[in-house]
Amino acid sequence: MSDVDLRKLRYFVAVAEHLHFGRAAEQLYIAQPVLSRQIRALEEELGAQLFARDRRGTALTAAGEQLLIDAKPLLAAAEGLRRRVIRASTGVDMFTVGFMPGLIVTAAVRALTDRHPGLTVELVRTSWYDQVEVVHDGRVDVSVVRLPIESQGLAVRPLYTEPRVVVLPADHPLAGKAELALADLAHEHLLQGPDLVPEWAAVATESRTDRPAPPVFRSVEEKLEHVAAGHGIIFLPLSVMTFYTRPDIAYVAVPDLAPNQVSLAWSAERPVPLAEEFAILAAQ
């Protein structure tokens with residue numbers, strides 16, 4: 001079997017994510033017949049059918065599902081390699097740190113540059129959805145992350161924990177309380193996956209089958225807009241809420257809610273100079 005073509009893998013991932021050849025072709029800026037030929041060529045190279053197509057639509061086969069699992073980290077690793085090579089060619093001594101809203105890395109960055117004169121530190125803002133991806137694809141050397149994360153291929157060092165709070169509309173009957181128990185919130189509609197708040201799920205008055213699936217929000221701002229509109233509640237780390245103070249929402253302490261773990265993550269599959277040192281500084 002010939003070596004796998006990364007370009008064909010990118011084409012495959014686009015189709016697998018859309019499950020629609022036309023939309024994938026638009027995303028890739030290529031003609032649909034060209035995309036179809038490339039996917040057929042990939043299937044021939046691998047000796048396996050990747051998609052099942054009929055009048056109802058396009059679906060992944062078992063082989064396609066497995067390839068999707070393996071292709072994403074492979075493509076991320078290839079992109080990371082490209083970024084590191086380009087950066088090395090500049091001759092600049094650089095260290096790149098990813099951080100999420102509410103997490104302040106200023107002190108650790110200053111301490112690192114004090115120890116290493118001439119080092120350039122760049123910062124990259126991340127989110128819940130790409131805080132690990134930026135490590136795999138080489139955009140950052142280390143990422144300050146909030147658990148839980150998918151830790152495969154990563155070195156992860158705990159830094160500290162911080163309390164989580166419940167976020168309510170400002171006119172909610174419980175918004176003026178100094179603190180709340182999870183039992184006080186058992187009947188509320190949660191705007192995030194219950195797996196992220198298992199303590200709440202354990203006392204919730206609605207069964208999982210009774211609750212509609214929570215929407216997927218790509219930013220804290222989206223979450224807060226829905227809370228302010230009265231659509232439900234969310235639980236967030238305290239530092240996030242102090243960062244996003246606004247008059248139409250309120251946040252209340254929930255002492256029986258487990259704190260959020262903040263950690264530092266970097267690739268376990270290649271050397272990352274300064275990662276351990278930065279982890280020590282960030283934990284102080």
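Student: How much space lies in the largest pocket, and what lines it?

Tutor: Before the numbers, a word on the source: this is a predicted model, where local features need pLDDT of at least 70, side-chain atom pairs count only at pLDDT 80 or more, and totals for chains, interfaces and linings use all residues. Residues are numbered from 1 along each chain as its sequence is written, and side-chain values use heavy atoms, with hydrogens and water left out.

Now to your pocket: the largest pocket holds about 1,200 Å³ of space. Its lining has 30 residues, and Lys 72, Pro 73, Ala 76, Glu 133 and His 136 are the closest to the centre. A pocket here is an open set of points on a 1 Å grid over the protein atoms alone, where a 1.4 Å probe fits, with protein on both sides within 12 Å along at least five of seven lines; lining residues have an atom within 4 Å of a point. Points are joined across faces, edges and corners, and the volume is the space filled by probe spheres set on them.

Which elements build the lining? Two or more residues come from each of α1 (6-18), α2 (21-28), α4 (62-90) and α6 (133-136). Of these, α4 gives the largest share, 8 residues.

Key
Helices (H or I, at least four residues) and strands (E, at least two) are DSSP runs, numbered from the N terminus.
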